[in-house]
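Student: I would like to learn how to read an interface between two chains. Could you take me through one?

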There are 6 protein chains.
Amino acid sequence: MSTPLMNQLGIVKRNIERADRAAAEHLGRLGSATVHEAMGRVGLLKPYMRPIYAGAQVSGTAVTVLLHPGDNWMMHVAAEQIQPGDIVVAALSAECGDGFFGDLLATSFMARGARGLVIDAGVRDVRILAEMGFPVWSKGVSAKGTIKATLGSVNIPVICAGALVNPGDVIVADDDGVAVVPAADAARVAEVAQKREDLEGEKRARLAAGVLGLDMYNMREPLARAGLKYID
Amino acid sequence: MSTPLMNQLGIVKRNIERADRAAAEHLGRLGSATVHEAMGRVGLLKPYMRPIYAGAQVSGTAVTVLLHPGDNWMMHVAAEQIQPGDIVVAALSAECGDGFFGDLLATSFMARGARGLVIDAGVRDVRILAEMGFPVWSKGVSAKGTIKATLGSVNIPVICAGALVNPGDVIVADDDGVAVVPAADAARVAEVAQKREDLEGEKRARLAAGVLGLDMYNMREPLARAGLKYID
Amino acid sequence: MSTPLMNQLGIVKRNIERADRAAAEHLGRLGSATVHEAMGRVGLLKPYMRPIYAGAQVSGTAVTVLLHPGDNWMMHVAAEQIQPGDIVVAALSAECGDGFFGDLLATSFMARGARGLVIDAGVRDVRILAEMGFPVWSKGVSAKGTIKATLGSVNIPVICAGALVNPGDVIVADDDGVAVVPAADAARVAEVAQKREDLEGEKRARLAAGVLGLDMYNMREPLARAGLKYID
Amino acid sequence: MSTPLMNQLGIVKRNIERADRAAAEHLGRLGSATVHEAMGRVGLLKPYMRPIYAGAQVSGTAVTVLLHPGDNWMMHVAAEQIQPGDIVVAALSAECGDGFFGDLLATSFMARGARGLVIDAGVRDVRILAEMGFPVWSKGVSAKGTIKATLGSVNIPVICAGALVNPGDVIVADDDGVAVVPAADAARVAEVAQKREDLEGEKRARLAAGVLGLDMYNMREPLARAGLKYID
Amino acid sequence: MSTPLMNQLGIVKRNIERADRAAAEHLGRLGSATVHEAMGRVGLLKPYMRPIYAGAQVSGTAVTVLLHPGDNWMMHVAAEQIQPGDIVVAALSAECGDGFFGDLLATSFMARGARGLVIDAGVRDVRILAEMGFPVWSKGVSAKGTIKATLGSVNIPVICAGALVNPGDVIVADDDGVAVVPAADAARVAEVAQKREDLEGEKRARLAAGVLGLDMYNMREPLARAGLKYID
Amino acid sequence: MSTPLMNQLGIVKRNIERADRAAAEHLGRLGSATVHEAMGRVGLLKPYMRPIYAGAQVSGTAVTVLLHPGDNWMMHVAAEQIQPGDIVVAALSAECGDGFFGDLLATSFMARGARGLVIDAGVRDVRILAEMGFPVWSKGVSAKGTIKATLGSVNIPVICAGALVNPGDVIVADDDGVAVVPAADAARVAEVAQKREDLEGEKRARLAAGVLGLDMYNMREPLARAGLKYID
């Protein structure tokens, strides 16, 4: 079960097994919160990962890249590995807030069919990225540029914002954050998540009509048993 | 004068004394910055409490709830205590950034007449909440869900983002932050705040016409007395 | 070469040498990221300086002000020193997140011709500031007001968000952050930055057409030499 | 139940009801973690409050002081209110990390019989304070000094590091943090806490002998019922 | 290569393959910085993981545990899986700073032969832990206790402070931080690290004698080639 | 007065004007807090700069070095510029927490006569550094190593932790933090600081004897005038 992350600097894996396309699309429509719940409340990147503009909701299969602080050389290597429907997931070997990505790389990524970028670092040209409609989830925004001098790797397992992402995994990103679903589990999780979602419509209608969650979820009895006391 | 915060876990206070409705409305129109000044520069929650979308400006009477990390059970108990014009103020017994609140609870809160939520934790479904027009001031956004297993309390005094909030107090929240006005002081503070506000219109006109604050506030003499020196 | 920052409390320098107006305008059109690159990847304020609303892109000559925590008295002194085309740069003698600036001061600054404010502290009335179209880059937003009791200085060299700003320097601020260009270097930097920018249009077109950065920048050979390995 | 915190700037309350001395001493011997548990897992200041040196464990009755950022004038006013066995608890009206307290004030506080200081801000002269054996729990260390210009209050209820402290409450501080026990509850909490402590000695001996908590606390059955699975 | 982290809640793996004992000991003597360099500058947990007391330097094989915020139930389950020479590595499913571990659990862990604890959360009873000589690397210190209500897992792969740790991996922890070495690589890394270490003694002697790194590492020529200029 | 910080990458200034040695020694005996007060409450580096071990109090003349994130090449260049009595001040062109400095460099710096290091980044081998008695003030500790690939500069003006440091300035560092005194002001500041210090001994004695600051500083009248009210 061991995942040897080391000894993999300077490696580009060309053939990766991408999650089922339909499952990835399905998960994207459900959103990060529902997907995370369907997985058993795991699978989220840390909440400091925020979208550079509001309203985007995307999903795709991960092309991963491991970068070193202040160096975005491997982003160009990663671009070549992008296939339509992919989302690039960029991890850092140590914390760095520089702007590793801007409008030129976004132009290239879009030309390759990328749906977005998730990067555990900074990004720049954010106004233009918003105009281009290329969504990015990042740790922050910074005009600080990077150099191109150090090898990292592409399509190896990476830890991005506290979550393990394997190449080919499904990424679901929206205003609530970013979820990752292992490729092999995508179809199953989509099914479970859809069931959750199906139940929500009815619940929403009842709550909108004034029914209390206390009654709808039958909470009064367990609350009383736990010792809840009402006073005046 | 002692406020015993302990020994109150698992308690729901049904009858609370809400601040005067007209005073609450009045304070809401004046905004958090003006209200805080009128109170003598106190009464603000910490500035990390930010709105999930720009432009909302609301006021209401506090229904308070004390939650435990990772557990939103008491939000459902709080829902039942909401009356039209209330704002729910959720405090945590220890720091937690999970998403305690989403669109289903918002639907329920809105159906009960709540004007918004102030929560010293995370929130999710933020895009839908913005579409619903249900404003939330929170410590952050997180897709991470919570469980329903531990008793907290409703309508006890709580400390939310560094401020003491008693049930029934007036909450004023806008893009600048969140202010809390003790219920008994609401009318008086509204009056003082209105006087500040009345003076501002005239000041704004004079400043817009090019009059300097140095002259309008008669600052030149005290600045000179304090030792200010102009050099070329 | 020594810049004596001390012994300057309580000083207002009236005559400062402002950078060339045309160069300042030129730099503003190029944006903070391009300008920073043209300077040799230096000259940025720390990335925690964020705009209070998205989309503003301004440049101007710096009027500097050194404030003490919780005290905005010198902002009024600074207002008098503003000339059309200036941007006020406010530094703090110690960290403070209070709201030092609101709509009244903004009205005054605008009347004097200021293009914006860069402040290493908090700001308030942000909704009104956005409506007024007065851009501010700040460390945060806070409704907390300040007093007027302590002397600072105006138009002395200051360190704002980690960058040295001399009065008259060019400030370039946009959604990516804030850059400062020494007045004496403005024209030269604008020229270098423009050359960078000129090259970008062609690059963008090629990348949009599907050309890879790997090929456009001739990276394949240096990557191989550095030891990059492709595996299947 | 309302605690009006406002309208109290510039007030010094001379006669406060201090918690029972014996109970305070008793709680101090038990430590902050045990006391917090005995209170039902509440009553702790935020964990960013750290001792300036390791190994101190003190308790005392609170003399409270509300300070404004950058201004320690009221510390001198508070000094006069100190009685032997007190601990000064200093809250700030807004966040500030300056060094509000040093060896001169410590000399004065010690002469009055203070057992320590808990301050939601910075402190300085820490090496000398350690040599003097005057323990301080603070948000940080800073050589930055303060001025003496603004009124605060002494012996009003304050919120210090997220916890409500009323004058006279018991403060328990050690390397694990700071707990506050309402004066009226001190004796009862001490009794409960002592019972917890009494049980710990025996538990410790059994665990040291190799007995597992799984068995000592009879956890195996509830774990199995919750669904725990052992695999090889 | 995929590491399915999900679907593993509520699982305890009893038989794990531990790294070679001798290699683990060897790595411990070399320290986290040398080990990290020998691995190619990877393998470190985030630097916010700090020891609760200075001077400890340990190594051991990882027993991993995944905890939920505010709940340390699984620490007792983990205790049973400890073998002499192990270090427990505790990861959290979401950020939490509570004190998950104190002197009673430490007594149990020591009785089982554990060499230390690495936990991405808080810890308490730190004075006693220091007296016991049980080293802990944690995110912080907090007197806040936890409950025992939610299943996690033991001996699954976990992400602790940004690093993937598989059960059986070697943990090296000292005042500089915490490194993790995959079990299969332990012997090889120890060998490489020892070679680095062997070279350091001679270097240290030369540097102490006044030889400059510029000369010892032959840096003058590459520096000149890179464009370094000396001015007077 | 302009200090052109740009266009100086890749420069080593060999001849710098160091502050008067006696003044530097004198300031070191007075400590950072007293020196900062004597300068008019300016001149401090940000308080996140902490010593790696307690108890060191040093002063010296600054040899400055500008480093890039993840790259400590210039530290070796700086070593050659050290003269006995210097303190190296290392600034970063962008935020980075890596461990730029360890026992080998410390050995070299000590051999050259350095009194310590102030670095706005991380440091490692801290246990050995403590044993060597080489004090370091840093932003943190990290085992993460750096590379040697990018030019920075030595002995140019730098901004370190928010303060401008010119080569030759006096650095005063102790447990309270780090102060910088411009070389030209060292003697004057030492004199002012000594006067402050001379007054403190007498004050301390009076406070220890129970005299209140209220009386010693004649605060009662201004407090009353400001509106302070005593209640019972």
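Student: How much area do chain B and chain C bury between them?

Tutor: Buried area is the accessible area (1.4 Å probe) that two parts lose on being put together, summed over both. Here chain B and chain C bury about 3,000 Å², with 60% of it on carbon and sulfur atoms. This is a predicted model: local features need pLDDT of at least 70 and side-chain atom pairs pLDDT 80 or more, while totals for chains, interfaces and linings use all residues. Residues are numbered from 1 along each chain as its sequence is written, chains are lettered from A and ligands numbered from 1 in the order written, and side-chain values use heavy atoms, without hydrogens and water.

Student: How many residues are in contact?

Tutor: Counting heavy atoms within 4.5 Å as contact, 34 residues of chain B touch 33 of chain C.

Student: How many salt bridges cross the interface?

Tutor: A salt bridge puts a side-chain nitrogen of Lys or Arg within 4 Å of a carboxyl oxygen of Asp or Glu. The rule finds four between chain B and chain C. One of them joins Arg124(C) to Glu37(B), at 2.8 Å from N to O.

Student: Which strand of chain C is joined to E12(B)?

Tutor: Strands (E, at least two residues) are DSSP runs, numbered from the N terminus, and two strands pair if DSSP finds at least two bridges between them. E12(B) is joined by three bridges to strand E1 of chain C, residues 11-13, and the strands run parallel. Within E1(C), Ile11(C) stands opposite Lys229(B).

Definitions and conventions. Helix = DSSP H or I, 4+ residues; strand = E, 2+ residues; numbered from the N terminus.
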